[in-house]
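Trainee: I've got this model open on my screen. Can you walk me through how its helices pack?

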Amino acid sequence: MSTTVDVPETSSIDTREKAPLLPAPRQAGWRRGMAIMDFILRLGALAAAIGAAAAMGTSDQTLPFSTQFFRFEASYDDFPTFQFFVIAMAIVAGYLVLSLPLSIVTIVRPQAVGARLLLVIVDTVFMSLAVTSGAAAAAIVYLAHNGNQRSNWLAVCSQFTDFCQATSGAVVSSLVAVLLLDFLIIISAFAFSRNH
């Protein structure tokens, strides 16, 4: 018993389509655009984090009147919460500086999924650090502005106006950094989801 298999003749030219080595220009265009937006937002968040740390770290005011035994002074290092804020925002700024080369990699190679995934994960961690430090500092700034009658904490911003303005500006700058980091995470997650 013999079996025969009929194989149709093919020409010597291979008719299969070959996959392109580079992504289609349209796909690479929006990915590259998202990566450039990521880089710009990262620079903005870096500037806001540095501004927040610098504004809080330089907040210091001494009142013009004092006694022989007392000197009325307010400085960020009088409050552990403000010290945490300065350290946390400096760490966030340091991370943003170190993440810039990875962001450039996503511009040069828009199809690099691993780099974008790493940025999404680590951006989320550092955004949470910025949120916690900003929220803690905002609570202290609120008490400095309004006080608390039940606890007999007096509002000190009527005397230390420059100090309160500097700390309030630092808190606002940290919230801008948080907002930009949030946009970074959303953009990276959107670009990552479009890859699959």
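**A buried arginine and its surroundings**

Mentor: Start with Arg 42: leaving out residues up to four places away in sequence, Arg 42 touches Tyr 95, Leu 96, Ser 99, Leu 100, Ser 103, Leu 119, Asp 123 and Leu 184, where contact means heavy atoms within 4.5 Å. This is a predicted model, with local features needing pLDDT of at least 70, side-chain atom pairs counting only at pLDDT 80 or more, and totals for chains, interfaces and linings using all residues. Residues are numbered from 1 along each chain as its sequence is written, and side-chain values use heavy atoms, leaving out hydrogens and water.

Trainee: Is Arg 42 buried or exposed?

Mentor: Arg 42 sits in helix α1; helices here are DSSP runs of H or I, at least four residues, numbered from the N terminus. Buried means under 20% relative accessible area, exposed over 50%, partly exposed in between, with a 1.4 Å probe and protein chains only. Arg 42 is at 0%, so the call is buried.

Trainee: How do α2 and α3 run relative to each other?

Mentor: The axes of α2 (residues 80–108) and α3 (residues 113–146) come within 9 Å and cross at roughly 160°. Axes are lines fitted to C-alpha atoms, for helices over the stretch in contact, and angles run from 0 to 180 degrees between N-to-C directions. Under 35 degrees counts as roughly parallel, over 145 as roughly antiparallel, 65 to 115 as roughly perpendicular and the rest as oblique. The pair α2 and α3 is therefore roughly antiparallel.

Conventions:
Helix = DSSP H or I, 4+ residues; strand = E, 2+ residues; numbered from the N terminus.
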